[in-house]
Amino acid sequence: MNNRRYLTSREVERLITATRGSRTEARDRCLILLMFRHGLRVSEACGLRLHQVDLDSRVLHVARLKQGLSTTHPLRGDELRVIKAWLAERNRLAPTGEAFFVSERRTALNRRTAWVAIRRYGELAELAVDAHPHMLRHACGYALADQGADTRLIQDYLGHRNIQHTVRYTATNPARFERLWR
């Protein structure tokens, strides 16, 4: 298999589509979309608490790990829809505790379960790479760079303290040279 360390935006869409019909479709669609859009590490996603998802204000309070800078991100309409669908399913499960993502056993989703699910959806989507959760964080960085986001903005969004961790996303992006030689 290809040893690329990130997914393209199109591959993320295929990953999300691959959740259709699964027993945990609502949770997994929400998990994959939020991990991608907000560059969440698998531990950050699994550690997400209900109070961090503010539907009224349409924001996600991201608590970064690894001494990262925590931030507040806006939630888009499609994210709000999958969050509401997941919360309806979560309420049906009636878990105890504040974990946003829970397993079918009604306990906080663990890293291994998320890892296995993303790998399985990658296989179902017939991706050219072996998908794993961290690829969604990298996919976020590359997608933001492809949209023309400034390196410093991507750094803040992903919570990187050191910009050296961020430049990989913009260094390989040919769009950054578009305004030269006009």
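Predicted model: local features only at pLDDT ≥ 70, side-chain atom pairs only at ≥ 80, totals over all residues.
Let's start with the first pair. Helix α1, residues 9–17, and helix α2, residues 25–38, have axes that come within 9 Å and cross at roughly 165°. Since angles over 145 degrees count as roughly antiparallel, that makes α1 roughly antiparallel to α2. The crossing of α1 past α2 is right-handed. Who does the touching? On the α1 side you'll find S9, V12, L15, I16 and T17, and on the α2 side R29, I32, L33 and F36. Sort the residues of this contact by class and you get six nonpolar, two polar and one charged.

Now stay with α2 and look at another partner, helix α5, which covers residues 111–124. Here the axes come within 11 Å and cross at roughly 90°, so α2 and α5 are roughly perpendicular to each other. From α2 the contact takes R27, D28, L31, I32 and M35, while α5 brings T113, A114, A117, I118 and Y121. This contact has seven nonpolar, one polar and two charged residues. Notice I32 of α2: it is listed in the contact with α1 and again in the contact with α5.

Further along the chain comes one more pair. Helix α6 (residues 134–146) packs against helix α7 (residues 151–158) at an angle of about 150°, their axes 10 Å apart. That makes α6 roughly antiparallel to α7, and their crossing is right-handed. R137, C140, G141, L144 and A145 of α6 meet I154, Y157 and L158 of α7. In this contact, six residues are nonpolar, one is polar and one is charged.

Time to step back and take in the whole protein. There are eight helices and three strands, and reading along the sequence gives the pattern α-α-α-β-β-β-α-α-α-α-α. The radius of gyration is 17 Å, close to the 16 Å that the globule rule gives for 182 residues, so the protein is as compact as a globular protein of that length. Its C-alpha trace spans about 60 × 35 × 30 Å along the principal axes. Of the 182 residues, 46% count as buried. And if you take the contacts with a separation of 6 or more, 56% of them involve residues 24 or more positions apart.

Technical notes. Residues numbered from 1 in each chain as written. Heavy atoms only, no water. Axes fitted to C-alpha atoms, helices over the stretch in contact; angles between N-to-C directions. Helix = DSSP H or I, 4+ residues; strand = E, 2+ residues; numbered from the N terminus. Parallel < 35°, antiparallel > 145°, perpendicular 65-115°, else oblique. Left-handed = near helix turned anticlockwise from the far one by under 90°. Contact = heavy atoms within 4.5 Å. Nonpolar A, V, L, I, M, F, W, Y, C, P; charged D, E, K, R; others polar. Rg over C-alpha atoms; globule rule 2.2 N^0.38 Å. Buried < 20%, exposed > 50% of the residue type's maximum accessible area, 1.4 Å probe, protein only.
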